[in-house]
Structure formats: C-alpha cells, structure tokens
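Please keep the sequence and the model at hand while reading.

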Amino acid sequence: MKMKSVMLCCTLFLSVAFVLFAMIYQRHLHAREVIQIGDHARVVANSLWTFEKSSPTAYLNLAAIANGYQRIVVEDESGNLFLDISGPPPGGLDRFFISIDLIPVIQLESAVIFEGNKIGKIAATWPSRAIYTDLYVLLCLLLLAIGIWLYLKLLDSNRSLERRVQERTVALEKENSERRKTETALRLSEERLRLALEGTSDGIWDWDLQTGSAYYSPRYYTMLGYEADEFPGSHDSWRSLVHPDDLDSTERAVQQAMATNLPYATEFRFRAKNGEWRWILGRGKIVETDRTGKGIRMAGSHTDITPRKMAEEALRASETRLRAIIDNAPFGAHSFTLQPDGQLKLARANRSAERILGIDHAPLIGKTIEEAFPRLAATSIPEAYRRVARDGAGYFSDQVEYNGGHAVRGAFEIHAFQTGAGRMTVFFRDITERKRAEEALRKYERIVSTSQELMGLVGPGYRFEAVNTRLLKIFGMAREAVVGRTVAEIMGENVFREKAQPPIDLAFAGQTVHGQETVTLGAAGRRIMDFTCLPMTDDAGQVEGVVFNARDITETRRLEEQLMQAQKIESIGTLAGGVAHEINNPINGIMNYAQLILDRSATPEPLAEYAREILHETRRVAKIVRNLLTFARHEKQSHSPALVGDIVSAVLSLIQTVMRHDQIALEMEIPEGLPKIKCRSQQIQQVLMNLVTNARDALNERYPGFSPQKRLRISAQAIDKAGRGFIRTTVADSGTGIPAEIRDRIFDPFFTTKPKEYGTGLGLSISYGIVRDHGGELSVESEAGQGTRFHMDLPVNNGWTLPAP
C-alpha cells in the first residue's frame with residue numbers, strides 16, 4: 001500500500017511537470033519565431049535599396065528551409081504581392097500530426113520598415129513542431145517512472161524478504177534457545193546429582209534385596225577414610241564394619257522397615273579405615289516392591305554424626321561442671337518448672353541459695369513458688385517468672401524491701417531466664433549493703449541538687465564528670481549534654497582560657513582557689529560568680545579531679561550598686577536642697593521686686609515689659625529648682641496618682657537645655673485626657689531620664705553635628721493588654737540602633753557598650769526592675785542603623801493601695 005501511494009505521487013508529479021514543460025516550451029518556440037520573423041522583415045527592408053527581388057529571395061528560401069516554414073509572403077504597403085516563397089513540404093509524420101492538431105500551423109507576421117516608414121509586411125506559415133520535443137520528454141519521464149516503480153518494487157521485495165528472513169531467524173533462535181535451555185537444565189541436573197553424591201557429607205547406598213548386591217557412593221567410602229570401591233558392595237561388607245554391640249539393634253531396625261515398608265533411622269558405630277569407631281546415622285526405606293508388595297530394593301544414606309556425639313558428650317560434661325559451679329557460686333539459683341495448670345514449682349536450688357536465704361531447700365522441692373516462698377505471693381515476682389517460663393522473655397529486677405520510710409531492710413538482684421520449654425532459672429544475690437549505700441548516696445545527691453549554689457566535678461582533660469541541677473538550670477542544658485564534655489565546649493573557648501582554666505589548674509596542683517568573676521552562663525546571661533575550686537584526691541593522695549562551688553552574687557551586687565546609687569541620689573538631694581534654699585531666697589526677692597514694679601501703674605511701658613520678662617524667667621528658674629528637688633529627693637514607699645504628661649514635662653525641664661546644646665529636635669505627643677496611674681513619680685522620672693539620656697547618646701554618636709534627622713520623640717497612648725488598661729510611653733530616636741547580637745543582653749546588670757568612665761551598665765537594669773515593680777513591662781524595638789524605640793507599659797491600676805490623705 002505504501003509503494004502504491006509513493007508511485008501515485010510520483011506519477012502525479014511527473015504529469016504536472018510534463019504539462020508545465022509542454023506549455024512553457026510551446027510558448028518559448030512561438031516567441032522565438034516571432035523574433036525571427038521580425039529579423040526576416042529587417043533583412044527584407046535592408047535589401048530593398050537594390051529594388052530587386054533576387055536579393056531577399058535567396059535569404060528567405062534559406063530561412064524557409066532552416067525554420068520549416070511552409071510559405072513566406074512579402075507584400076507592399078498597397079497589399080500587392082512582392083514575394084511568395086514556398087518552403088519544404090511536410091513529411092508524412094508531420095502531415096499526420098498536423099491532421100490531428102498535434103502540430104499547430106501558426107501565421108507569423110511582421111511589418112517591413114524602411115527608413116522609419118512601413119513599406120509592406122512579411123507573413124510566414126509556420127508549423128510548430130514542439131510535439132517532437134514533448135514526446136521525447138514524455139518518453140524520458142515514462143522511463144523515469146518505470147525506473148522509480150522498479151526501484152520501489154525491488155525495495156519492497158527486499159524489505160519483505162528481510163522481514164521473512166528476520167522472522168525465520170527469530171523462530172530458529174527461539175528453537176535453539178529452548179533446545180539450549182533444555183540441554184543446560186539436563187546438564188545442570190546431572191551435574192547437581194553428581195555433586196550431591198560426591199560433595200555431600202552423606203554416603204548413599206542402594207541395596208538389591210534379591211541378589212544381596214549393593215551400590216555405595218564414593219562418599220560412602222571416603223567419609224570413613226577408605227578409597228572408593230575399596231571393599232565389596234554387599235550387605236555382608238556392611239555387617240562386618242558395624243560395631244558388634246550395635247549390630248543386633250541396627251539389623252532389627254532394617255528388618256522391621258523391610259517388613260512394614262516404612263522408613264527407618266538408627267544410630268550405630270562404624271569402623272573407619274584407621275580403626276577408630278565413627279558414629280553413623282543410618283536412614284533407609286523400601287523404594288521398590290514386587291507384585292505382592294514385598295520389598296525388593298532398599299536405598300538410604302549414612303551420615304557421620306561423630307562430631308555431634310562428641311559435642312553431646314562434651315555438653316553433658318559441661319553441664320556437670322556447670323552444675324558444680326552453680327552449686328558453689330556466690331549467687332543463689334532456683335530452677336522452676338511450669339505445670340500445665342499454670343503453677344510454678346521449685347525443681348532445684350543450689351547450696352548458695354540456702355546460705356543466702358538461711359533456709360533448708362530440701363523440703364521445698366516440688367512445692368509451688370507461693371508455698372515455698374510465702375513472702376513472694378503478694379508481689380509480681382511469681383507472675384513474672386511464669387511469663388519467663390512460658391514466653392522466653394528475660395526478667396531483670398532489683399527486689400528491695402524497706403523497713404519504714406527509706407531505710408533498706410533487704411535487697412536482691414534478680415536475673416531470670418528461660419532454660420527450656422516450660423522451664424526457667426533465676427539467679428539472685430544479696431545487694432542489701434549496696435542498696436543502703438545507694439540510698440545514702442541519693443540523699444547526698446538530693447542535698448547537692450537542691451542547693452542553690454552551682455556545684456560540679458571537673459576531671460582530667462577539663463571534662464565535666466558531675467554537675468548539680470542548679471548548674472544545669474543556669475546553662476539551660478540537659479545533664480547528658482554537659483557531663484562528658486569539656487568546660488571549653490560548655491562555657492566557650494575564650495571564657496575557659498581567660499577565667500576558668502587558671503583556677504582549675506591551680507586546684508589540680510593541690511591549691512584551694514577562691515575568687516569572683518563575671519561570666520556569661522548560657523541562658524542566664526552575664527552573671528557575677530563567687531567561686532571556690534577544691535582539689536579532690538584519691539586514696540593515694542593524688543589529685544584526680546577538681547570540685548568547684550560557685551554562688552551567683554549578681555543580685556547581691558546589683559542591690560549593692562542600687563544602694564550606692566540611692567545614697568548618691570540622696571546626697572545629691574541633700575546638696576540640691578541646700579542649694580535650692582540658697583537659690584530660692586534671691587529668686588523670691590527678684591520675683592517680689594519685679595512684681596512691685598508691675599504693680600505701680602505709673603511704670604513706663606519699656607520698664608514694665610522688662611519686669612514681666614524678669615518675672616517669667618525667675619518663675620521658670622523656680623520650676624527647674626522644684627523639679628530638680630523632686631527628682632533628687634529620696635522617696636520611701638509612698639506612691640500617688642500621677643499623669644504621665646506631668647512626669648514627662650518634669651524630665652524635659654531638666655534636659656531641654658542639654659538637648660538644645662546638642663541640636664536635638666524634641667517632639668512630644670501626649671494626648672489630653674489620659675488616665676492617671678498609680679506610681680512612684682520619682683522612680684518613673686528616673687526611668688524616663690535614663691531612656692532619654694541613652695537616646696541622646698545614640699543620636700550624638702550617629703550625628704555629631706546638626707542634622708534634620710537628629711530627632712527624639714516622646715509619645716504616650718492608652719492600650720489594652722489581656723483586658724487591663726495600660727499607658728504606653730514610647731521614647732524613640734533615630735540614632736545608631738542596637739545590634740541583634742546584644743539586644744537580648746541590654747537589660748543584664750553591668751552590661752554596657754559605653755566606656756567605663758561613661759557608664760556602669762546598671763541604668764537599663766535598674767529601670768527594668770522599677771517598671772517590673774510597678775507591674776509593668778519595659779521592651780525595646782531596634783535594628784542596627786535604624787534607630788531605637790523603648791516602650792514603657794504601666795498599668796493604670798496596679799493594685800496598690802493609696803495612702804490616706
């Protein structure tokens with residue numbers, strides 16, 4: 001089908017090509033003849049200057065012959081005939097093609113022009129013989145089509161032949177493969193049989209009961225040290241090699257198998273070539289019978305079981321030795337058997353069991369576990385032993401009896417295991433003294449674990465060997481994550497080298513070291529520790545470890561610093577009080593004189609304006625003095641309702657001059673109508689003063705001079721948190737910001753990024769404590785280079801009871 005489609009396409013293509021060629025070629029010939037007749041007209045015109053017919057006649061005769069014209073006629077401009085030349089007559093084939101219009105006869109005309117004037121015309125009768133070229137081309141195309149058809153036919157035949165050859169080849173290969181598989185399987189089967197006979201440890205025999213002859217495989221001989229076929233293949237040969245003590249029982253087994261046609265298996269000794277007796281497991285059965293069902297052929301095997309017999313003998317000897325060892329072992333042993341009714345009976349006990357328990361076991365043999373040991377009846381031990389005997393799962397436990405409280409009365413370590421189907425054995429030993437020591441150790445460990453001090457033992461290689469619970473809580477780690485690891489891994493390499501290693505090395509050298517250090521302890525952050533390192537010695541007096549005891553005195557130190565700070569503030573308050581009194585007296589005088597000047601109605605206007613300005617400025621000075629006294633005054637536990645706006649204004653009155661000096665733009669957004677809060681105003685002023693001072697330092701660090709971005713903003717708003725009303729006061733700056741790696745530590749005591757002479761690291765820590773004491777929260781939002789926002793959230797009602805007025 002595919003070849004027909006290709007051939008049809010080729011035929012169609014060639015037909016179209018032939019038609020196009022014929023049309024184009026016919027037009028080409030006609031165009032060429034039109035050109036030639038024009039050339040003939042010019043020749044005629046050029047020859048007319050002679051005015052003789054003979055000049056163009058010869059030329060036109062040649063043209064008629066060369067171009068196959070039937071007739072050439074030349075007329076003048078009046079239509080008079082000038083020349084009439086007949087060409088060669090058409091041949092027979094031409095006449096045939098002309099008759100059927102395959103050679104069209106075409107009239108060609110052209111004007112004769114002489115010196116630009118038409119002097120006549122020339123006409124020629126021209127038969128177009130393109131048919132001959134067309135036929136030639138058609139013949140070539142037919143031959144090409146035939147060639148293509150033959151090629152496709154040959155190609156299709158070749159493919160068909162290849163397909164049949166391939167199918168036949170596949171069929172032959174499949175037949176050969178199946179034959180090879182069959183041959184391989186047969187060869188492998190034969191090889192396996194030969195290897196089984198030669199390589200197996202069993203000797204194969206085949207006994208003809210009618211003739212008495214027998215076949216013995218090569219292994220039958222070699223397993224006993226004989227060469228193949230070294231003794232005759234007969235029943236008598238077999239009898240001569242069986243041990244005399246085993247011959248009768250073995251022959252009875254064979255005779256019974258012959259009588260019943262049932263397989264048999266028996267063990268007997270067989271003499272090897274070297275004279276020793278080898279234990280043989282003989283097995284056989286009747287493999288062929290006669291018409292009456294009587295056996296006439298028997299086959300079987302011999303298996304050398306000497307190693308197994310020797311192992312069994314060794315096992316019996318080992319069991320005897322093991323029984324003697326267990327009887328004299330330092331631990332007790334009880335063997336029990338599980339009865340069908342589920343009762344567990346004592347089968348055996350060693351002498352150590354009698355010594356450990358102090359009772360004679362002879363009367364207990366055969367009794368149930370509950371009868372033999374009544375004190376176990378109320379425990380889970382009997383049921384656990386039954387599961388061991390029944391399921392085979394081991395049971396390991398410590399059985400401890402307490403004599404009231406945590407005092408150990410007696411204790412046994414129990415190891416129970418299955419020794420066979422429905423049988424189990426339990427080993428036990430008295431661990432009373434060990435349990436008492438462990439209980440005493442646990443009490444000591446509880447004392448150490450509940451201590452609020454950090455305790456631990458560092459061994460060789462600076463590895464933690466033991467730590468108490470308090471130390472794990474400080475590190476925020478599990479015991480398994482600390483014990484066994486080095487101090488450097490837990491505390492960091494730098495802290496270990498600089499602070500931990502020197503005192504530990506001194507303690508390893510035998511010295512007792514006491515000191516104080518500030519260190520970073522995991523989730524607890526930076527802490528001040530009062531520590532002692534003590535050398536721990538072994539029985540020979542050699543230092544084998546270092547016991548360290550550390551006490552966190554961070555809060556104590558913070559309280560001391562707060563006390564010192566309070567004393568400083570109190571001293572400042574005392575000084576400020578004295579200075580204020582000294583300032584207030586002249587200020588009051590100035591205010592009074594200014595007021596007297598204003599009270600005089602006759603005071604000139606410029607002088608009155610000066611007096612009003614003096615009065616305004618002196619009142620501002622008086623307000624600053626009052627705020628300074630309020631800020632520096634040491635308050636006890638008194639508290640009162642206060643407006644956040646008043647507290648902020650009091651703080652700003654103290655720092656506005658400094659802010660203007662530093663060219664910091666202050667912005668304040670505190671709406672009217674915010675509720676009052678219960679607080680100690682002086683402490684809240686202290687918090688805001690600290691936050692504003694820190695913001696000022698951050699702005700000066702980022703913008704040493706003037707900048708439109710150098711802004712500090714204080715705002716307040718009412719918020720709701722967990723259903724309670726709070727006032728949030730926010731101090732925001734566009735300063736340097738706080739890096740993420742230290743953001744969680746800024747509230748730690750004594751943590752500061754400022755030089756020592758500019759800060760103690762207690763400002764934010766004390767502020768955090770003040771806000772927390774008020775039932776509020778101090779939080780921070782910051783990114784390095786993006787500024788900082790501190791939020792002080794204080795409850796409107798913190799539950800404090802206001803003092804009576």
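This is a predicted model: local features need pLDDT of at least 70, side-chain atom pairs count only at pLDDT 80 or more; totals for chains, interfaces and linings use all residues.

## Contacts of leucine 712

When its neighbours within four places in sequence are left aside, leucine 712 is in contact with Met659, Ile664, Ala665, Leu666, Glu667, Val692, Ala695, Arg696, Leu699, Val731 and Ala732.

## The nonpolar cores

Leucine 712 also belongs to the largest nonpolar core, a set of 39 residues in which Ile684, Leu688, Leu712, Val731, Phe790 and Met792 have the most contacts. At least two residues of this core come from each of helix H19 (644-661), strand S22 (677-679), helix H20 (681-702), strand S23 (711-721), strand S24 (724-733), helix H22 (763-773), strand S25 (777-782) and strand S26 (788-795). Among these elements, H20 gives the most, with eight residues.

## Strands S17, S18 and S19

Strand S18 (residues 526-537) pairs with strand S17 (residues 513-520) in the antiparallel sense over eight bridges, and in this region threonine 520 stands opposite arginine 526 of S18. S18 also pairs with strand S19 (residues 543-552), again in the antiparallel sense, over nine bridges.

Most residues other than glycine have a negative phi. Against that background, which residues other than glycine have a positive phi, near 65 degrees in one case and near 60 degrees in another? The former value belongs to aspartate 229, and the latter to tyrosine 462.

Aspartate 229 is found in the loop between helix H5 (218-222) and helix H6 (235-241), and its relative accessible area of 61% is over 50%, so it is classed as exposed. Tyrosine 462 lies in the loop between strand S15 (454-459) and strand S16 (463-467), and because its relative accessibility is 23%, it counts as partly exposed.

Threonine 486 has its place in the loop between helix H14 (479-482) and helix H15 (487-491). Leaving aside neighbours within four places in sequence, threonine 486 is in contact with Gly461, Tyr462, Arg463 and Phe464, so that the tyrosine with the positive phi is one of its partners.

Helix H8 covers residues 306-327 and contains arginine 323. Its 22 residues should span 32 Å at 1.5 Å a residue, and the end C-alpha atoms are 31 Å apart, which agrees with that expectation. The buried residues in H8 include Thr306, Lys309, Ile326 and Asp327, whereas arginine 323 is partly exposed, with a relative accessible area of 41%. Arginine 323 and asparagine 350 are 27 residues apart in sequence, and their C-alpha atoms are 8.6 Å apart in space.

In helix H11 (residues 381-391), the buried residues are Ile381, Pro382, Ala384, Tyr385, Arg386, Val388 and Ala389. An α-helix has 3.6 residues a turn, so residues three or four places apart point the same way. Glycine 392 follows H11 and has a positive phi, near 90 degrees.

## Cysteines

How many disulfides does the structure hold? The number is zero. As for the cysteines themselves, cysteine 140 has a relative accessibility of 35% and counts as partly exposed, while cysteine 679 has a relative accessibility of 1% and counts as buried.

## The chain as a whole

The secondary structure of the protein chain comes to 22 helices and 26 strands, and of its 805 residues 36% are buried. Among contacts between residues at least 6 apart in sequence, 54% join residues at least 24 apart. The chain exposes about 47,700 Å², of which carbon and sulfur atoms supply 56%.

Definitions and conventions
Residues are numbered from 1 along each chain as its sequence is written. Side-chain values use heavy atoms; hydrogens and water are left out. Buried means under 20% relative accessible area, exposed over 50%, partly exposed in between (1.4 Å probe, protein chains only). Helices (H or I, at least four residues) and strands (E, at least two) are DSSP runs, numbered from the N terminus. A nonpolar core is a set of buried Ala, Val, Leu, Ile, Met, Phe, Trp, Tyr and Cys residues joined through side-chain atoms within 4.5 Å. Contact means heavy atoms within 4.5 Å. Two strands pair if DSSP finds at least two bridges between them. A disulfide is a pair of cysteine sulfur atoms within 2.5 Å. Accessible areas come from the Shrake-Rupley method with a 1.4 Å probe; for residues, only the protein chains shown count as cover. The expected span of a helix is 1.5 Å times one less than its number of residues.
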